[in-house]
Amino acid sequence: MPIAGKPSALLIGDNGSGKTTVGLALEILQRIARGTNRVGDLVKPKDFFLGRTDAPMRFEIDVELKTKIYGYSIAFEFPQGLQALGVKDLRVFEEKLTVDGKPVYTREKAQVHLARSGQEKEAKFLIDWHLAALPIIQEQSRSDPLFILKAWLARMLILRPIPSLISGDSEQETLQPSPQVTDFGAWFAGLLADQPSAYTKIDKYLKQVIPDLKDIKNPVVGRDSRSLVVQFSNQQGSVNMPFEDLSDGEKCFMLSALVLAANDAYGPLLCFWDEPDNYLALSEVGHFVMALRTAFQSGGQFIATSHNPEAISRFSDENTLVLHRKSHLEPTIVRPLGDLQVNGDLIDALVRGDVEP
Amino acid sequence: MSVNENQPHVWVLPEDDANRQLANEFHQWVPWDRQRQMQVLRVARGWNKVLRLFQSVHVAEMKRCAYRLMVLLIDFDGSEERLVEAKATIPVDLADRVFILGVWSEPEALRQAKLGSYADIGKAMARGCREGTDRIWAHELLKHNASELGRLREHVRPILFPPN
């Protein structure tokens, strides 16, 4: 994915070209960082492209954080010998964490090599082949590269929200919302507990989008639970509305406000939002996308997918990637839109189906 | 519902896709709490279509909405008459609220002149507009905009880049 150095990028392509899959791949790395270490809970044999188990399935990411490049990769295998024995889970073939190219740890199958700096000796130990090592290796401090990368991966915002499932109720706090953001209430509570000043940003953004918004409260409604209530007011009076009663589009505004505030509060974050234009009025799509693009100019990275002409029009050829595959039997190829010959207006060309690598 | 209607706002009508991209990259550098005061419209597909669309749709809309300013983003195609020709289509009572800007040839020439990507150029244009500097606007391909730029800074800068 040629997106290094771009504060924001757009993925476009036909249905089935692989745009959402980019988010799903990121989600696997995120789940490892959030503590899911059993390989069988991360990937399945069916995830091998065309069932080709003769080559490992590999996930790699390079992240620049405070001028250092953190690299993490993990590869899974499903040897035919295991399949013949009736084993159903994949196992780790290779795993590696590096900082500026220097290994923090490397792993081949069960053998983990832990690099040590200074006087410490390199450590070696064995680990179950069916477990990812990243969540298991103990970090020494908050400045340990293991901690830094794990925290960053865990806090990536991979969003495929389903507004009708977002109620605003919560029983805990989190800074790690789920892709469907059904834990919106917990994220709201977690963000404000972590950085109370984040409310100012949330409030400022929302009052531009929803001018009659007065405030958002998160009162205790049970022994351990809270429920978001949104108050609207104007010269005619005011009304309180449970969060769940907001429209789908209004819930997306709330979500965007949290994304902007979260990137300020505990960023820089990677935000992958699958079709952020869903549920929005046409007059709002451009503003919505542009606010997200601008917010990530100062740090972090925003990646969107879209089929919406208004959303697509807010990006440039330089930060738009085209995903394409000729058939379900061939892999996806990715090309910067700027490398393709597009005649005339981009939207027209997309409607004609004339944007192909 | 548009929240812009009762506040000063700027609509940009680009001639083509390249101008749209430049406008978008400029827009990104408008402070986030002012971003909704700007809107890049769909491309008109030709400088003469920009003028026709302006006359057929936007003249009436601008008369209805006193807070609206418009930037017509066209290619000059090396024509000294282009600005005069374009200005002739603007009703006198709207002349103060309409601005005509564009590259002397076409936007791609800016990239070929090694001014960077559209993202770089848009950023530099926004900085020039915000800070009142002429670094990029003085370039050979953009310097013909000087008079319109002066008006733009007077009227548009307070909307998109208000002083702190």
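Which residue in β5(A) is the bridge partner of A:Leu97? Let's work through this and a few related exercises on what is a predicted model.

**Exercise 1. Find the partner of A:Leu97 in β5(A), then describe how the two strands are joined.**

Step 1. Look along β5(A): A:Tyr105 is the bridge partner of A:Leu97.

Step 2. Now take in the whole pairing. β4(A) and β5(A) run antiparallel and are joined by six bridges.

Step 3. Finish at the turn. This hairpin has two residues between its strands, and A:Asp100 takes a positive phi near 50°.

**Exercise 2. Follow β5(A) to β6(A) and describe their pairing.**

Step 1. Strand β6 of chain A covers residues 111–114, and four bridges pair it with β5(A) in the antiparallel sense.

Step 2. For one of these contacts between strands, pick A:Glu108, whose bridge partner in β6(A) is A:Gln111.

Step 3. Here too, check the turn: the hairpin of β5(A) and β6(A) has two residues between the strands, with A:Lys109 at a positive phi near 55°.

**Exercise 3. Decide how the buried residues of helix α3 in chain A are arranged.**

Step 1. List them: in α3(A), residues 145–155, the buried ones are A:Pro145, A:Leu146, A:Leu149, A:Lys150, A:Trp152 and A:Leu153.

Step 2. Look down the helix axis. These buried residues fall within an arc of 165°, so they line one face of α3(A).

Step 3. Ask what lies over them. The cover includes α1 (19–33), β2 (57–65), β3 (68–77), β4 (91–99) and β5 (102–108) of chain A.

**Exercise 4. Describe the side of chain A that touches chain B.**

Step 1. Begin with the numbers: chain A gives 20 residues to the contact, and chain B gives 20 residues.

Step 2. Find the elements. On chain A, α5 (198–209) and α7 (282–295) each give two or more residues.

Step 3. Name the main contributor: α7(A) supplies the largest share, eight residues.

Step 4. Sort this side of chain A by class: five residues are nonpolar, nine polar and six charged.

Notes:
Residues numbered from 1 in each chain as written. Chains lettered and ligands numbered in written order. Predicted model: local features only at pLDDT ≥ 70, side-chain atom pairs only at ≥ 80, totals over all residues. Buried ≥ 20, exposed ≤ 12 C-beta atoms within 10 Å, placed from the backbone. Arc of directions from axis to C-beta. Contact = placed C-beta atoms within 7 Å. Nonpolar A, V, L, I, M, F, W, Y, C, P; charged D, E, K, R; others polar. Pairing = 2+ DSSP bridges.
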